[in-house]
Structures are given as structure tokens and as C-alpha cells.
Amino acid sequence: MKNFTLIAFCLALSLFLLSCSGSYLTIQPKYSSFDDAKIVDEVQLFYGQTVLHDNNGGAIARNAFEKDIELRYIQVSNHGIESMTLGRDYLITRGGEPIQLLTNEQAYDALRSDNSGTFLAVACTPLLAFTVDEEEDEISEPVPPAVLAIGPFVSIFGFLGQSSSNHSFKRKLKSHNLEGRTIFPGETMRGIICFTARKRGEISMQRMGNY
């Protein structure tokens, strides 16, 4: 009975880790809806809903919640005659105060999935190596090899799944993060910004004095 309970526990842990490893973050700025424009000089800023929510991102969303980091859809239109760079020529503000946008590397390092959790299944494997005779309290016959393969199997596929999720996240940041992105005259860009969400209030934009 004890052995059955242990096997059931490890199977449940395996399924949980596999489900976590398969969670991907969806970033689709072109399908986002945006609020009213904030206009600074000849640049328009539209901001939309948050990228992360309960059904999007898995471990990445949980990490963002724990570290108070927000990913937000935005659209920027440059109607001026000069190119502008978001985060250098114009700053994003919240509640009237500038906020520091995260670079691709900073956002990735803070939010990526941690692969170490997938090796919990391997740690459980030795516990399944032998069954226990409850009446005589002695070690009896070993568990079948197929059962012992659960831990390594889950660890390998969990590791590959989380590595793939992290790689996808890094690629999407590179494609959609507008921090440091140059927007040319007449150009409109949709994407995301990443920032620490300690400040609250309306999102807007502020022009740097030397631009």
C-alpha cells in the first residue's frame, strides 16, 4: 500500500512537471486592442492590455507575478520628421514618473523558466527502487524497471520542454520588445514593453530634453 501511494505521488508529480514544461507565452501585438492615444509632440502612444494572465505564459507568468514585472502591449506612431528611439529619446512614464524599461536580456533572465524543477522526478526514483512489506516491515522485491524509468523520462522531456519554452520566449522578446527600438518618420510599430510594475497609474510618454 505504501509503495502504491509512492508510485501514485511520483506519477502525479511527473504529470505536473510535464504540464509546466509545455506552457508557452503567446505574444501577438497585432491582435491587441489599445486605449486612447497619448500624444507628445508628434509621437503617439497607445497602450493595451497586459500580455501575461492566468492562461498565458505558465512559469513565465508566475515568475512575473512573483517579481512584480509587467509586460504590456503598446503601439507607437512617429509623425515627426526625425527618427526616435524608445527609452532614449522618449521615456515611458507611469503615474507621471519615468519607468525603466527592461532590455531583452534583463526580461529574459528575470522571467525564464527554471529547468532545475524537472529533476525532482529523478530525485524520487531511488525511493521507488524497493517495495516495503508492511506486515514484516522488510524490504522485498524491487519495483519493475518500467516504473523506475518514470523519473528520467519526465526529467528529459521536462527539460526539453522548458528549454524550448525559454528559447521561444527569447525569440519573441527580440521580435516584439520595443525598448531601444528606432522608429522612423511616418512609421508605426506595435509590440510590448517590459518593466517593473511597482509604480501605479496611467501609462504615458515623456520627451527627453536633448532630443
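Student: Is Tyr 90 buried or exposed?

Tutor: Tyr 90 is buried, at a relative accessible area of 2%, where buried means under 20%, exposed over 50% and partly exposed in between, with a 1.4 Å probe and protein chains only. Please keep in mind that this is a predicted model, in which local features need pLDDT of at least 70 and side-chain atom pairs count only at pLDDT 80 or more, while totals for chains, interfaces and linings use all residues. Residues are numbered from 1 along each chain as its sequence is written, and side-chain values use heavy atoms, with hydrogens and water left out.

Student: Which strand is Tyr 90 in?

Tutor: Tyr 90 belongs to β5, residues 90-94; helices (H or I, at least four residues) and strands (E, at least two) are DSSP runs numbered from the N terminus. Its C-alpha atom is separated by 9.1 Å from that of Val 40, a residue 50 places away along the chain.

Student: How many helices and strands does the protein have?

Tutor: There are six helices and eleven strands, and 44% of the 211 residues count as buried.

Student: Which residues have the most contacts inside the largest nonpolar core?

Tutor: They are Leu 25, Leu 71, Leu 111, Phe 169 and Ile 192, in a core of 21 residues; a nonpolar core is a set of buried Ala, Val, Leu, Ile, Met, Phe, Trp, Tyr and Cys residues joined through side-chain atoms within 4.5 Å. Two or more residues each come from α2 (59-67), β3 (69-78), α3 (104-111), α6 (150-176) and β10 (188-196), and α3 gives the most, with four. Apart from this core lies another, of 20 residues, including Ile 92, Met 189, Ile 193 and Ile 203.

Student: And what does Leu 111 touch?

Tutor: Leaving out residues up to four places away in sequence, Leu 111 touches Ile 60, Asn 63, Ala 64, Ile 69, Leu 71 and Phe 169, a contact being heavy atoms within 4.5 Å.

Student: Changing topic, what is phi of Asp 41 near?

Tutor: Phi of Asp 41 is near 55°, a positive value in a residue other than glycine. Most residues other than glycine have a negative phi. Asp 41 sits in the loop between β1 (38-40) and β2 (43-50), and it is partly exposed, with a relative accessible area of 46%.

Student: And where is Asp 68?

Tutor: Asp 68 is in the loop between α2 and β3; its phi is positive too, about 60°, and the residue is partly exposed, with a relative accessible area of 28%.
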